[in-house]
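Please walk me through this structure. I have it open in a viewer and need to know what to select next.

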Amino acid sequence: MVSYLESQLKLFKRNLANEKNHASIRISEIKNRKFNASLGPKYVVIDITNKCNLNCIACWTYSPMLNKKKPEEEWFRQQLPFETIKQLVEDLKELKTEEIRLTGGGEPFIHPQIMEIVKLIKSRGIRLDITTNFSLMNKKKLDTLVEYGVDNLTVSLWAATPKTYAKTHPNQTEEAFSRIKGNLMYFSTINRKTKVVIANVISNLNYKEIEKMIELAREVKASEVYLTMVDPIDGETDSLLLNKKQQEELKKSFARIYEKYHKGHYGDLKIDNPDNFLRRISNSTVTTGRYDSNIIYKVPCTVGWTFSRIMANGDVAPCCRGVMVATGNINRQRFRDIWNGQKQKMFRQIGVNLKEHPGFVEKVGCLKTCDNLMENKENYELVKNLD
């Protein structure tokens, strides 16, 4: 009789073999410019709701600094119904999608059926990540996440101290930070497999705490720290950008972190792509918020074969930033049809010839911060190495 452990090991090996085969197919189609993809996206982000309980200072939609560029009221009510999500997940399973991230213009745990959604995705054998502000968590919810086997939990914190947390989240108190920290400590005692990532958006309000952010992640026994620079709304939140002096201070602070990290000072804690963060904060255009202007044309955009983002109104964005160039809407079409529809294929064609489409690059905002850049770089290296 085959033991449970042996059966799980066989399942793991079979899934790994399938993923390698799928990766090979996707990379081959990128290399050969096959714009009608045989497989679906490897990785999908689903914005399940735009409702949120926080007003993070640099948020594109909830920041109290927004005025003329604040979304219409209807936007804040948008939320994907469970039945729509269920059909979407079935399409993604059929298309061989390997990983889903639940996030949103809002907070995923506000969705009334969030736990049913988690259970559904995991029951289909798809890896599941959730990005959350963690403020609504309690022991019961955390126990359930462990029970369902969530693979990755990214906690958007933006601070290392209660004072800075309240400053970067104006409708929250310092006590809220302590509660979040306590729940993170509790999760570390019950967690069996979930990768915990502490995410920090760096602005002129919190850049001095960057070293403390690393230490906090160690204290709560996180697996990884993710650092990114504030992505401002022109004329609204750009006052959060660093000036030249602050940029130099941040570079010095991160240089110390970088050296310690490579000497093993932080133990098992991983810093997500420190070289990319260092490149961004070293860019001369940091003060204007155009962090990726020095690289975006050097790497073809190929995420049109490997990634998709579903918005809370059903729009399908072909990349993280591509909300203005939606390729379809799952309220009107099945995702499996949108994935190889005319607009999605056009996005793939534009992506591999970005230099010829500067207007498109400006419209999407690629020169500011490309959240798919690392995926594009990985695809590019795989294509170059393909026999």
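The tour below goes from the sheet to the helices and then to the aromatic rings.

**Stop 1: the sheet**

Keep in mind that this is a predicted model. Ten of them are listed here in sheet order: 7-6-5-4-3-2-1-8-9-10. The sheet is open, and its pairing is mixed. Now find the edges. They are strand 7 (270–271) and strand 10 (328–329), and each pairs on one side only.

**Stop 2**

Select residues 152–156, which make up strand 4, and residues 195–202, which make up strand 5. The two strands pair in the parallel sense, over five bridges. Zoom in on Val-155: opposite this residue stands Ile-198 of strand 5.

Stay on Ile-198 and look towards strand 6. There, Val-225 stands opposite Ile-198. Strands 5 and 6 run parallel, joined by six bridges.

**Stop 2: helix 5**

Select residues 139–148 for helix 5. A side-chain oxygen of Asn-138 reaches to within 3.2 Å of the backbone nitrogen of Lys-140, at the start of helix 5.

Then colour Leu-142, Thr-144, Leu-145 and Val-146, which are buried. What do the buried residues of helix 5 pack against? Their partners are helix 4 (114–123), strand 3 (127–132), strand 4 and helix 7 (174–190).

Move on to Gly-149. This residue sits just after helix 5 and takes a positive phi of about 80°.

**Stop 3: helices 8 and 9**

Two packed helices are described by the angle between their axes and the distance between the axes. Select residues 210–219 for helix 8 and residues 244–262 for helix 9. Their packing angle is about 35°, and the axes are 9 Å apart.

Show the side chains where the helices meet. Helix 8 brings Ile-210, Glu-211 and Ile-214. Helix 9 brings Leu-250, Ser-253, Phe-254, Arg-256, Ile-257 and Lys-260. By class, this contact has five nonpolar, one polar and three charged residues.

**Stop 4: the aromatic rings**

A search of the whole structure finds 10 aromatic pairs. One of them is Phe-254 with Tyr-258, a tilted pair. Their ring centres are 6.4 Å apart, with 55° between the planes.

Both residues belong to helix 9. They are four residues apart, so about one helical turn separates them.

Compare Phe-335 and Trp-339. Their ring centres lie 5.9 Å apart and their planes meet at 25°, so this pair is stacked. Phe-335 is buried, with a relative accessible area of 1%. Trp-339 is buried too, with a relative accessible area of 1%.

Finish with a cluster: select Tyr-62, Trp-75 and Phe-76, which ring pairs link together.

Terms used:
Residues are numbered from 1 along each chain as its sequence is written. This is a predicted model: local features need pLDDT of at least 70, side-chain atom pairs count only at pLDDT 80 or more; totals for chains, interfaces and linings use all residues. Side-chain values use heavy atoms; hydrogens and water are left out. Two strands pair if DSSP finds at least two bridges between them. Buried means under 20% relative accessible area, exposed over 50%, partly exposed in between (1.4 Å probe, protein chains only). Contact means heavy atoms within 4.5 Å. A polar contact is a pair of N or O atoms within 3.5 Å; within protein, one must be able to donate a hydrogen and the other to accept it, and residues adjacent in sequence count only if both atoms are side-chain atoms. Axes are lines fitted to C-alpha atoms, for helices over the stretch in contact, and angles run from 0 to 180 degrees between N-to-C directions. Ala, Val, Leu, Ile, Met, Phe, Trp, Tyr, Cys and Pro count as nonpolar, Asp, Glu, Lys and Arg as charged, and the others, Gly among them, as polar. Rings of Phe, Tyr and Trp (its six-membered ring) pair if their centres lie within 6.5 Å; planes under 30 degrees apart count as stacked, over 60 as edge-to-face and the rest as tilted.
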